[in-house]
Amino acid sequence: MIHHETLELLEWPRLCQHLSTFAATKRGTLAAQALVTPETQAASVNLLTQTQEADWLEQHNSGLNFGGIRDIGTAVERAYRQGLLSGEELLAIATTLHGARQLRRTIDAQPPEDIPILQGLVADLSTHPDLEQQIYHCIDDRGDVTDRASPKLGEVRDRLKSTRQDIQQRLQRILQRQSGAMQELLITQRGDRFVLPVKAPQKDAVPGIVHDASASGATLYIEPQSVVELGNRLRQLLRQEKTEEDIVLRQLSDAVAEVYDDLTHLLAVVTELDLAHARARYSLWLEANPPRFIEPQEQTTLRQLRHPLLVWQQRHEQGPEVVPINLLIRPELRVVAITGPNTGGKTVTLKTLGLAALMARAGLYVPAREPVEIPWFGQVLADIGDEQSIEQSLSTFSGHIRRIGRILAALSGEVGEEGGAEGEQNTLAVGSANDLVELSGTGEPEAEDLPESSDSPIASSTHPPIYSPTLPLPHSPTSANALVLLDEVGAGTDPTEGTALAIALLKHLAERARLTMATTHYGELKALKYQDGRFENASVEFDEASLSPTYRLLWGIPGRSNALAIARRLGLNAGVIDAAATLMATGSQDDVNQVIAGLEAQRRQQEERSQEAAELLAATEKLHREVQHKANMLRDREQELKLQQQAAVQQAIADAKRDIAKVIRRLQQGDATAQDAQRATEAVDAIAQSLLPAAAPAPAKPGYRPVVGDRVRIPSLGQTAEVLTAPDDDHRITVRFGLMKTTVSLADIESLRGEKAEVPVKTKPVDTMPAAQAAPPAPAIRTSRNTIDLRGMRVAESEAVLEEAIAKGSGALWIIHGHGTGKLKAGVHEYLKRHPQIQRFEPAAQADGGTGVTVAYL
């Protein structure tokens with residue numbers, strides 16, 4: 001069957017083997033090794049949901065514990081067929097029942113909205129604690145029947161113990177009396193009979209039955225005559241013990257058979273849970289993400305897709321680093337032609353996509369970056385040939401043709417016993433009616449059916465040939481959801497005929513499959529994109545500097561085979577390569593390669609620019625997060641201060657009420673006089689004076705206009721300054737205080753008598769819109785402009801630098817002084833305390849230098 005061939009070609013069994021290593025039970029391991037993909041999308045979605053819920057348990061509850069679960073399927077089946085189970089098998093059934101109960105408890109203990117599918121899976125699970133207790137009562141930890149299993153068995157074992165003790169005592173007495181005749185002073189057994197090792201020449205000293213002899217004949221193992229009767233009695237008791245044990249085992253086996261259906265269902269549920277658990281753990285190990293099955297009008301998105309088998313090879317077998325690929329396939333595309341050099345990764349790309357489709361269908365995560373969006377492919381069909389020989393014969397071409405025929409038959413739903421088509425054949429017409437290459441699902445092309453030379457209308461015509469299917473096939477229900485993977489399509493025969501066959505085949509598949517991906521070296525296939533919107537080109541990148549492939553997949557650009565570069569890297573004679581390059585330069589292919597090379601260079605430049613833009617965007621987002629974080633901190637601090645102020649006001653009101661109540665009580669005690677009332681009034685006034693805020697100073701009278709040479713006061717700076725210039729058009733003047741000169745607004749100064757400077761009001765048109773609210777101050781952010789480094793300076797030097805930074809700065813100022821002897825830090829703090837423009841200062845955050853840096857707020 002073509003489906004089985006495809007699984008082998010994609011190495012699906014190997015992936016299943018890797019998955020099985022993450023299973024916890026034997027049955028789960030076997031089920032993982034023979035993992036079957038569902039036939040419907042609904043079943044795949046259900047498996048994916050199970051995997052996601054198992055992943056949730058793995059992340060939040062350390063996963064599921066399958067301790068005690070055994071493979072009891074064979075034992076349960078034998079018990080159902082009236083077979084007798086051993087103690088070990090019964091003990092395995094009991095531990096499995098206990099382990100399944102613990103699994104159900106773990107799942108039921110989780111919130112129903114998080115794992116509804118798994119909880120529904122174990123909802124009707126019967127673990128039969130009564131059968132488990134019955135087995136534990138009758139079978140011990142070694143799998144033996146216990147004495148308490150039945151009264152008669154306990155009695156028989158008591159008699160056995162007594163008989164063995166009698167035999168041991170008698171044999172000990174014989175050993176003591178006849179020690180000289182003994183080869184060794186010990187009691188041993190031959191079968192179920194107790195014997196003594198007697199020297200052969202002295203066998204008459206110990207009369208009895210000889211049961212065995214040593215290899216040399218020097219030692220005889222004799223059962224003394226005095227214990228023969230006790231030995232016979234012991235044998236009878238052993239038979240009675242075996243009979244009683246079988247009775248107990250029969251009763252337990254019958255009890256297992258009675259719940260055969262429940263145990264069979266339990267095994268199926270536990271195996272399904274183990275499979276879901278294994279899929280989740282394997283997906284987590286792969287760093288994979290859950291896929292979403294898309295609708296036909298949506299784009300296939302597989303970014304940073306990695307080959308799962310190569311990931312395993314890298315991590316477990318010290319393989320090379322896996323190069324991910326990007327597959328972004330528009331919904332209208334039906335065929336993707338991948339070109340490029342040999343060993344460049346074309347075949348690996350096909351296998352990676354095929355395995356990704358199978359993994360999603362089987363309920364596994366896909367090793368790609370989120371989001372993972374892929375169609376549900378009902379069929380994955382492949383013709384991938386990994387073995388390549390120096391000389392390709394007709395049998396190689398025939399093998400590919402027969403497999404492609406089986407693929408077409410599977411798409412049409414007509415699969416016979418040999419995997420070929422039945423009934424109506426799939427025939428493709430190539431070129432004219434006189435030159436037909438038939439591609440059929442049955443039979444193998446004969447040599448005489450194929451043209452022997454390229455002297456055909458296809459090769460000689462100056463017009464492009466017409467390729468069309470002569471018999472359109474009916475669409476099968478699954479063909480619309482089929483993924484077809486073809487490696488080196490049309491290879492192994494004459495290039496002209498192979499090209500024609502490949503084009504016809506790809507056009508045929510564009511009508512019948514959801515997606516076809518084919519690798520090729522034929523240049524004519526690259527032009528299909530420009531003739532049919534359902535076709536797209538892709539190529540594997542080749543680094544011409546190192547003459548080696550990079551294994552990256554590039555979209556929209558056809559690739560070059562780079563055969564000469566690869567041949568040079570592999571050591572082929574340089575003269576041969578130069579001659580081939582000369583021959584290529586005489587044809588048109590060299591011009592095409594130059595165009596492709598130019599497109600590749602443009603693509604690399606765009607990638608570099610895109611990377612730079614991404615880095616800039618990341619830096620911007622980081623800065624935005626920092627600003628947002630500091631803004632949130634300021635908002636929280638403001639809210640905290642408001643709450644503190646409210647609490648202080650409430651406390652002040654309460655204190656005032658309490659003090660006034662005391663005054664009232666004093667007035668109410670005894671006869672109040674006018675003097676008492678006066679004292680009470682003064683007390684209330686004192687309370688109000690202490691609790692109410694001080695009245696704001698009366699605003700200064702406006703009307704003052706400074707002139708050059710006046711002395712004015714700058715209240716915001718707490719300085720007295722000299723006016724150096726008259727007000728300009730913006731109503732600003734230049735003043736000097738101390739060694740500093742600065743420009744201030746008329747609104748910021750007043751005369752020494754407190755008169756506010758007069759600021760002419762500009763006439764503005766009447767605006768009925770409300771004034772915009774002032775934006776809140778931006779949070780302080782440290783930059784190179786508001787950071788000064790004073791380390792290595794003396795205190796006097798640092799003050800000049802500080803004065804200049806304060807004059808130019810605004811907001812906050814980060815001052816780096818270090819620790820050292822502490823003198824510079826103390827001098828900086830003392831200067832900041834005296835400076836009128838400094839509102840407050842504090843040590844910087846630990847990330848900004850801690851106590852070695854001071855933040856001053858202007």
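# Strands, rings and confidence

User: What order do the strands of the open sheet of five strands have?

Analyst: The order is 20-19-18-17-21, and the pairing is antiparallel. At its edges are strand 20 (740-745) and strand 21 (750-751), each of which pairs on one side only. This is a predicted model, in which local features need pLDDT of at least 70 and side-chain atom pairs count only at pLDDT 80 or more, while totals for chains, interfaces and linings use all residues. Residues are numbered from 1 along each chain as its sequence is written, and side-chain values use heavy atoms, without hydrogens and water.

User: How do you know that strand 17 and strand 18 pair?

Analyst: Two strands pair if DSSP finds at least two bridges between them. Strand 17 (residues 711-714) and strand 18 (residues 719-723) are joined by four bridges, so they pair. They run antiparallel, and arginine 711 has glutamate 722 of strand 18 as its bridge partner. Strands (E, at least two residues) and helices (H or I, at least four) are DSSP runs, numbered from the N terminus.

User: What makes strand 4 mostly covered?

Analyst: Six of the six residues of strand 4 (residues 219-224) are buried, where buried means under 20% relative accessible area, exposed over 50%, and partly exposed in between (1.4 Å probe, protein chains only). Thr219, Tyr221 and Glu223 point one way, Leu220, Ile222 and Pro224 the other, and all are buried.

User: Which strands does strand 4 pair with?

Analyst: Strand 2 (residues 193-199) is joined to strand 4 by four bridges, running antiparallel; valine 198 has leucine 220 as its partner there. Strand 3 (residues 208-213) pairs with strand 4 over five bridges, also in the antiparallel sense, and glycine 208 stands opposite proline 224. The hairpin of strand 3 and strand 4 has five residues between the strands, and its glycine 217 takes a positive phi near 85°.

User: How many aromatic pairs are there?

Analyst: There are five aromatic pairs, counting rings of Phe, Tyr and Trp (its six-membered ring) with centres within 6.5 Å; planes under 30 degrees apart are stacked, over 60 edge-to-face and the rest tilted.

User: Why is the pair of phenylalanine 22 and tryptophan 285 called tilted?

Analyst: The ring centres are 6.1 Å apart and the planes stand at 55°, so the pair is tilted. Phenylalanine 22 is in the loop between helix 2 (12-20) and helix 3 (26-33), and tryptophan 285 is in helix 11 (residues 260-286), so the pair ties together parts that are 263 residues apart in sequence.

User: Why is the pair of tyrosine 80 and tyrosine 260 called stacked?

Analyst: With centres 4.0 Å apart and planes at 20°, the pair counts as stacked. Tyrosine 80 is in helix 5 (residues 73-80) and tyrosine 260 in helix 11, 180 residues apart.

User: What makes arginine 840 a charge over a ring?

Analyst: The rule asks for NZ of Lys or CZ of Arg within 6 Å of the ring centre and within 35 degrees of the ring normal. The charged end of arginine 840 sits over the ring of tyrosine 857, 4.0 Å from its centre. Arginine 315 lies over the face of tryptophan 285, at 4.7 Å from the ring centre.

User: What is the mean pLDDT of the chain?

Analyst: The mean pLDDT (the predictor's confidence in each residue, from 0 to 100) is 80, and 80% of the residues reach 70 or more. Over residues 415-479 the pLDDT is below 50, and this stretch has 100 contacts (heavy atoms within 4.5 Å) beyond near neighbours in sequence.
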